[in-house]
Amino acid sequence: FEMTVGFSIFLSKGFSVYYAKSLKPKDILGIMREKRVEFMIVVPAFLKLLKAGIENKLDKAPKSKKTLFSIAYKLAPLMWPSLKKKVFKEIYDNLGGNLRIIVSAAAPVDKKVGKWYEDLGILFIQGYGLTETAPVIAAENYKKKKRRLMLLILLFILLIFVCGFSTYAWFSSNKNALIDSIDINVATVT
């Protein structure tokens, strides 16, 4: 997953790829601020830690600031993305000021965590891959954001393992019909 999504694709499109010298939040946030990161690929545990750190900082803030955040967060689903970036400016600034997209893979993300980032105005995409067989199998359609489709993909993968790879041959010859029927984006890795 990392070599395809986190490295090769971005370099082939002319983007820069940055790695933290450690997994300490201080080091990761330092790179995010210094390089003004726009796109991040992370594991769910990091997202939970980052969210907990932000919430911990909010808990230590004055009561008036906590109240304003609480009100703004409740209204966030009704806001335009550009307004969210202004309302939650302090959080954005702590994340480098430019973060727009987070892709999470390696394990399912708690829906509340993904929604929390979405409500702040950061596009959140849940990806899925099998490191042993292929780097990327599926990701949410960011335009439609239908999380239930991830279950269809997982069921299909289970079907491949239960029924054998002849199922894969069927999928290869019928993938356009299947894709149209479940309305997702699929990238074929050869």
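A residue is described here as buried when its relative accessible area is under 20%, as exposed when that area is over 50%, and as partly exposed in between (1.4 Å probe, protein chains only). The model is predicted, so that local features need pLDDT of at least 70 and side-chain atom pairs count only at pLDDT 80 or more, whereas totals for chains, interfaces and linings use all residues. Residues are numbered from 1 along each chain as its sequence is written, and side-chain values use heavy atoms, with hydrogens and water left out.

Six salt bridges are found in a search of the whole structure, a salt bridge being a side-chain nitrogen of Lys or Arg within 4 Å of a carboxyl oxygen of Asp or Glu. One of them joins Lys115 to Asp119, with the closest N and O atoms 2.5 Å apart; both residues lie in helix H7, four residues apart, about one turn of the helix (helices are DSSP runs of H or I with at least four residues, numbered from the N terminus). Within this pair, Asp119 is buried, at a relative accessible area of 7%, while Lys115 is partly exposed, at 44%.

Another salt bridge is formed by the side chains of Glu90 and Lys65 (2.7 Å, N to O). Because Glu90 belongs to helix H6 (residues 89-94) and Lys65 to helix H4 (residues 63-75), this pair ties together parts that are 25 residues apart in sequence. Glu90 is partly exposed at 41% relative accessibility, and Lys65 is likewise partly exposed, at 34%.

How values were computed. Helices (H or I, at least four residues) and strands (E, at least two) are DSSP runs, numbered from the N terminus.
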